Amino acid sequence: MEEDFNILYSKLKKLENRITSLRLGRSILMDLLIEQENAKNKEIEKLNHEIKRLNFILKNRR
């Protein structure tokens, strides 16, 4: 009986550790995705600013 309990307890701990590991992995992936999205947004903002600057130059040269 005690052995069965220990086996179940061991399986429970392994499952809990797996859940913790998956949550940590998900958290890390989300942080990386957010970082990548922020970098992409900064690049888009920079390119839009450059487009506005070039359009302004073109408009004022006529």
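Biologist: Where does L29 lie?
Modeller: L29 lies in helix α1, which covers residues 2-60. Helices here are DSSP runs of H or I with at least four residues, strands are E runs of at least two, and both are numbered from the N terminus.

Biologist: What should I know about the model and the numbering?
Modeller: This is a predicted model, in which local features need pLDDT of at least 70, side-chain atom pairs count only at pLDDT 80 or more, and totals for chains, interfaces and linings use all residues. Residues are numbered from 1 along each chain as its sequence is written, and side-chain values use heavy atoms, with hydrogens and water left out.

Biologist: Back to L29. Buried or exposed?
Modeller: L29 is exposed, at a relative accessible area of 54%. The cut-offs are under 20% for buried and over 50% for exposed, with partly exposed in between, using a 1.4 Å probe and protein chains only.

Biologist: Which residues form a nonpolar patch with L29?
Modeller: L24, I28 and L32 form the surface patch with L29, and together the four have about 400 Å² of accessible area. Such areas come from the Shrake-Rupley method with a 1.4 Å probe, and for residues only the protein chains shown count as cover. A patch takes residues with over 30% relative accessible area and no salt bridge; nonpolar side chains (Val, Leu, Ile, Met, Phe, Trp, Tyr) are joined within 5 Å, and like charges within 9 Å.

Biologist: Now the whole chain. How many helices and strands does it have?
Modeller: The protein chain has one helix and zero strands. Its radius of gyration is 27 Å, well over the 11 Å that the globule rule gives for 62 residues, so the chain is more spread out than a compact globule. That radius is taken over C-alpha atoms, and the rule is 2.2 Å times the number of residues to the power 0.38.

Biologist: What box do the C-alpha atoms fill?
Modeller: Roughly 90 × 5 × 5 Å, taken along the principal axes.

Biologist: And how much of the chain counts as buried?
Modeller: Of the 62 residues, 0% count as buried. The chain exposes about 6,500 Å², and carbon and sulfur atoms supply 60% of that area.

Biologist: How many salt bridges are there?
Modeller: A search of the whole structure finds four. A salt bridge needs a side-chain nitrogen of Lys or Arg within 4 Å of a carboxyl oxygen of Asp or Glu.

Biologist: Which residue does E16 meet in a salt bridge?
Modeller: E16 meets K13, at 3.1 Å from N to O. The two are three residues apart in helix α1, which means a separation of about one helical turn. E16 is partly exposed at 34%, and K13 is partly exposed at 34%.

Biologist: What about K40?
Modeller: The side chain of K40 meets that of E37 in a salt bridge of 3.3 Å, N to O. K40 is partly exposed at 44%, and so is E37, at 36%. They too sit three residues apart in helix α1, about one helical turn.

Biologist: And K46?
Modeller: K46 pairs with E43 in a salt bridge, with N to O at 3.9 Å. K46 is exposed at 55%, whereas E43 is partly exposed at 38%.
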